[in-house]
Amino acid sequence: MDATPNRRNSLFKLFHVFHVCLSIGLVIMFVRNQMMYEARFKKLEDDLESMTQISTTTDTEKQWAESIKTRPTMNEKKVVKRSVNNQTSKTAKQTNNQNVLDFKNSTKNFEDVTTCLDLLNNFLKKNKWSGRGPNKCQILRGPPGKPGRRGRRGPKGQAGYKGSIGKHGPPGPRGEKGFSGNVTVIGLKGDMGPKGTKGDKGNTGIKGQKGAQGPKGDFGGQKGEQGERGVKGKVGPRGCPGDSFAPPSFVSTPRYLAFRERDSALLVCNATANPYSRITWYRDKVTIPIQDSSDNHYEVKEVIFQSGSNESSCPVNPHPVTESSLVIKRSRSSDTGNYICEARNIMGVLRYKIRLLVQVYVKFTSVPSNITVTENQDVQLRCRASGVPSPMITWYRRDGSVMPSRYRIIQGDLHITKITKEQEGSYVCVASNVLGASSTETTVTVNVFPVITYFQDHQLTINETQTLTLPCNATGYPIPNITWNKTNGSFPRERYKFDSQMLNISNVQYEDSGEYVCKASNTVGTASKRAIVVVQVGPKIRRKPNDLENGYRGTEKVLHFEVFAFPEANITWKRLDNIKMNKRFRQEAANLVIDGVEYIDGGFYKATARNILGKVTVTTFLVVKDPVSPWITSSGGSSKITLDERSSFSRTCSAKGTPAPKLIWKFKNKAINSVLRHTNGSLTLRIANLASEHTGRYICEASNEFGSAREHLDLTGERS
């Protein structure tokens, strides 16, 4: 029972070997015949070219040709001899001799070379001449013709591949140490400070003593004669009026007074009246008592006296004068205001207003504090001071440098518009009035937003295995911290190195391509720039066809070829037996697809992938076979089996086909895994400890792309 399958396998293998040998023999015969045909065609073309190089003959050549006509026997012998040398059989010799004689007889009476050429061409076509023809017309060769026209210019060739980028040169030698800098020059003398306040007026000096009277002069000459009586003089001045009643009036009383803080202020009010007046002091409609018993802050003194007169005139003020003085002890700023001096007698009342100003020393009410700002930000340094008169506030820089060009002082505050790093430092606020000046200072620190000063923000192209260097320098205050990251990726742990100025990645791979971001950050903010890195990779094979590929007649065959490269590789396929691929061959991506495979498609195929960095090639041999749908060769027993429970069971299923079929055991339309696969195309079903759930129909299925075959097994169980 087993002999028949073995014999069938042997016959199948023998047929397969015979088919391969026959295919190789046919290929060899085809190549040999092709080479022979090409050699024959080339020889025939050379003979035709030598026969057609005949032109118009001259008169002398015609006479020579006429003389040749009278010697037909020699020409006949030459033509016959040449024909005999080109033939291999006796029958062919006789036929060619007769043709040559006909040609000779037809050319005995030719008139011109054209007739000879026509006869010669007809002779060659009629006899399919492959050797050298008769030289009947060679003696009529004329002078060489004019040169032909210049041929058309051929198409422009394809551009060559771009050369790869050269490697970086070695680093240059370290430069010599620079010269020491010049010694700092001492700065110029600063501007003169603000003008000091005017000093107090000095006291009046003591009046000097009256000098001694000079000596009496000498007595004049002798007494003169009595003169004539003079003219009557004018009426003398009117006499002084007598005393009369008069209302109060103020004499020599100032309206505005100013005193320093903590000094005693003296307000004097002089009033004349008859009878004399009584003076009362008011402030804000409140009477100031003559004797202040609360804190002795006020003191009022009053003196009454009569105005004196001299011999030459009447008294300036004939009425009594009341002089009242208000003393304010240790004056303070609250004493500033309007004071009323009221003079009253029986004739009336008169009031006089005196304005008192208590001058107060400068005192700061708001001082600036040290601040930190960002460059190009507006700055306000607050400085407020009190005092009487109101103090004037000025600003200057402690180091004596020029104030910023865009600054203003508004109500004592210093406003700087868009401050710069060069304008940071200490600023002094000075408040001054007539009593003196006071100052305070503050320090302004200017932080600078990070700025990346050196960066390669253009696309950087580098070849695989080279070293990538990306510089990134930044300025700012505080000194910015520089970090790197890769968009949608990470750095290779063992191949990258970063310092404060650049990123280095050694032995770059294609995975290192992408966008790299440099960030410079400090307390002010963050600045970033991006660089695109492109890594060029030579062609690398990811998938290739087997050394021996099987194809099946009438079906589609795909020779898989997958290559990775950047820039993308140009992929070409060709046959190594120089047979041109027809329309049944097409290239999809990098794969070669053959529609309707035929026996002639068998042979070697070569695929080439090339880009600017290099190329790779693969070779495969395609064997064309006839497809065979699978069939079950043996399942090893009956299709119905009954077993005892808890027993063991195994069944092997084998199948054949072209290509080799895939085997699978199924139970209840589901594939089962309790099988052992063999290398000779069989699959064994194993069941241990048979139970009721194991009973049923088992199916062995063999399938390939050209069909499938099945065989079933019904398994039942009995209780022991």
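Analyst: Let's start at P389, which sits in the loop between strand 12 (384–388) and strand 13 (392–397); strands here are DSSP runs (E, at least two residues), numbered from the N terminus. The peptide bond from V388 to P389 is cis, with omega near -5 degrees. Keep in mind that this is a predicted model, where local features need pLDDT of at least 70, side-chain atom pairs count only at pLDDT 80 or more, and totals for chains, interfaces and linings use all residues. Residues are numbered from 1 along each chain as its sequence is written, and side-chain values use heavy atoms, leaving out hydrogens and water.

User: What kind of peptide bond joins N274 and P275?

Analyst: A cis one, with omega about 0 degrees. P275 belongs to the loop between strand 3 (265–274) and strand 4 (278–283).

User: Switching to N488: buried or exposed?

Analyst: N488 is exposed at 82% relative accessible area (buried is under 20%, exposed over 50%, partly exposed in between; 1.4 Å probe, protein chains only). N488 also has a positive phi of about 55 degrees, though it is not a glycine.

User: And how accessible is N507?

Analyst: N507 is partly exposed, at 35%. Its phi is positive too, about 50 degrees.

User: OK, E342. Which side chain does the E342 side chain make a polar contact with?

Analyst: That of R351, at 2.8 Å. A polar contact is a pair of N or O atoms within 3.5 Å; within protein, one must be able to donate a hydrogen and the other to accept it, and residues adjacent in sequence count only if both atoms are side-chain atoms. E342 is buried, with 3% relative accessible area.

Definitions and conventions: Helix = DSSP H or I, 4+ residues; strand = E, 2+ residues; numbered from the N terminus.
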